[in-house]
Amino acid sequence: MDILLLALLVIVFLGLPVLQMRKQSRQVGAIKNFQSQLAPGMVIQLTCGIHGRLASVGDTPVDVEISEGVVTPWERAAVLKLV
């Protein structure tokens, strides 16, 4: 009985964090895949919450138009999702 309880505790304390890490890994992979497909004209949200339209896309930096005529440079990793 004690071995069964010990085995159950080990599964709970080791299994749940592994499941969490796998879920987080899939989410990060999906974001990186999206970031690799960025194109000018897309309306996006940055990780800080700013919404804007991509003016140009480089290897690392992207230019985001946050208001008409206002373009700011950002790292590609700061792009969170498509709006």
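Student: What makes up the chain in terms of helices and strands?
Tutor: There are 1 helix and 5 strands, in the order α-β-β-β-β-β from the N terminus. Helices here are DSSP runs of H or I with at least four residues, and strands are runs of E with at least two. Keep in mind that this is a predicted model, where local features need pLDDT of at least 70, side-chain atom pairs count only at pLDDT 80 or more, and totals for chains, interfaces and linings use all residues. Residues are numbered from 1 along each chain as its sequence is written, and side-chain values use heavy atoms, leaving out hydrogens and water.

Student: How many of the residues count as buried?
Tutor: Of the 83 residues, 16% do; buried means under 20% relative accessible area, with a 1.4 Å probe and protein chains only.

Student: How do you know that E1 and E2 pair?
Tutor: Two strands pair if DSSP finds at least two bridges between them. E1 (residues 43–46) and E2 (residues 51–57) have 3 bridges, in the antiparallel sense, so they meet that definition. Val43, for instance, has Arg53 in E2 as its bridge partner.

Student: What does E1 do with E5?
Tutor: E1 and E5 (residues 79–82) pair in the antiparallel sense over 3 bridges, and Leu46 stands opposite Val79 in E5.

How values were computed
Buried < 20%, exposed > 50% of the residue type's maximum accessible area, 1.4 Å probe, protein only.
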